[in-house]
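Look over the sequence and the 3D structure below. Then read on for a short tour.

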Amino acid sequence: MIAARWYWVGLLGSGALLAIAYFYFQLELGLPPCPLCMFQRACLVGVAFFCLLGLIFKPKKIGSKLLAFGGLVSSATGLAIAGRQVWLQNLPADQVPECGPDLEFMLEAFPLMQTIETVLSGSGECAEIQWQLLGLSMPAWMVLVFSVMVIICLKLLFIKERNYFSGALGR
């Protein structure tokens with residue numbers, strides 16, 4: 001099954017990215033994640049969740065399409081959030097919004113929808129470039145990662161798998 005190999009890639013890739021973010025960037029380098037970074041991590045958890053479901057249940061046609069759609073929603077949301085952060089990072093210094101409260105405080109003090117709106121509007125700490133590789137910031141790399149995930153999910157969503165019993169294309 002074509003999807004099974006992509007479930008492994010998605011699960012291991014998302015898990016590796018989450019581990020690197022936490023153990024290397026957060027603990028080793030001491031770079032605290034901004035609220036938009038936390039939302040991107042949540043999107044990675046979403047991708048990993050749908051991939052894990054695929055590995056556990058080994059769904060057939062409709063089930064695999066539903067999992068691909070769930071992965072697509074998680075990936076596209078992560079892409080939009082990472083893109084928003086890249087946009088914030090490229091604003092002129094005088095247009096960068098002021099730093100806001102941290103995510104933990106917002107979750108305790110504000111209703112959930114207000115917290116989400118506040119985080120997605122961005123703040124100064126989300127515009128700060130703390131790390132780069134090959135001239136790209138962390139969110140820019142995540143734009144690339146989520147773009148690949150979106151493409152894979154679209155492929156899984158629209159691919160016609162072979163029916164291995166008859167040799168014909170499935171419908």
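The report below moves from the whole chain to single residues.

## The model and its confidence

This is a predicted model: local features need pLDDT of at least 70, side-chain atom pairs count only at pLDDT 80 or more, and totals for chains, interfaces and linings use all residues. Residues are numbered from 1 along each chain as its sequence is written, and side-chain values use heavy atoms, with hydrogens and water left out.

pLDDT is the predictor's confidence in each residue, from 0 to 100. Its mean over the chain is 82, and 81% of the residues reach 70 or more. Among the elements, helix H7 (residues 138-158) has the highest mean pLDDT, 92. Helix H6 (residues 124-127) has the lowest, 64. Over residues 163-167 the pLDDT is below 50. Beyond near neighbours in sequence, that stretch has 3 contacts in the model. A contact means heavy atoms within 4.5 Å.

## The overall fold

The chain has 7 helices and 2 strands. Helices (H or I, at least four residues) and strands (E, at least two) are DSSP runs, numbered from the N terminus. Along the sequence, the pattern reads α-α-α-α-α-α-β-β-α.

Take the contacts between residues at least 6 apart in sequence: 79% of them join residues at least 24 apart. Of the 171 residues, 36% count as buried. Buried means under 20% relative accessible area, exposed over 50%, and partly exposed in between (1.4 Å probe, protein chains only).

## A buried pair of glutamines

Glutamine 40 lies in helix H2. Glutamine 85 lies in helix H3 (residues 61-89). Glutamine 40 counts as buried because its relative accessibility is 5%. Glutamine 85 is buried too, at 2%.

Their side chains make a polar contact at 2.7 Å. A polar contact is a pair of N or O atoms within 3.5 Å; within protein, one must be able to donate a hydrogen and the other to accept it, and residues adjacent in sequence count only if both atoms are side-chain atoms. Leaving out residues up to four places away in sequence, glutamine 40 touches Gly78, Ile81, Ala82, Gln85, Pro139, Met142 and Phe146.

Valine 119 sits in helix H5 (residues 112-121). At 3% relative accessibility, valine 119 is buried. Phenylalanine 39 is 80 residues away along the chain, yet the two C-alpha atoms are separated by 8.5 Å.

Valine 9 belongs to helix H1. Its relative accessible area is 43%, so valine 9 counts as partly exposed. Valine 9 and cysteine 51 are 42 residues apart along the chain, and their C-alpha atoms are separated by 8.5 Å.

The chain exposes about 10300 Å², and carbon and sulfur atoms supply 70% of it. Accessible areas come from the Shrake-Rupley method with a 1.4 Å probe; for residues, only the protein chains shown count as cover. Ile20, Tyr24 and Leu29 make a nonpolar surface patch of about 270 Å². Like charges are joined within 9 Å, and nonpolar side chains (Val, Leu, Ile, Met, Phe, Trp, Tyr) within 5 Å. Isoleucine 20 is in helix H1 (residues 2-28). Isoleucine 20 is partly exposed, at 41% relative accessibility.

Lysine 58 is in the loop between helix H2 (35-57) and H3. Lysine 58 counts as exposed because its relative accessibility is 56%. What is phi of lysine 58 near? The value is near 45°, a positive one in a residue other than glycine. Most residues other than glycine have a negative phi.

Key: Patches are made of residues with over 30% relative accessible area and no salt bridge: like charges are joined within 9 Å, nonpolar side chains (Val, Leu, Ile, Met, Phe, Trp, Tyr) within 5 Å. A salt bridge is a side-chain nitrogen of Lys or Arg within 4 Å of a carboxyl oxygen of Asp or Glu.
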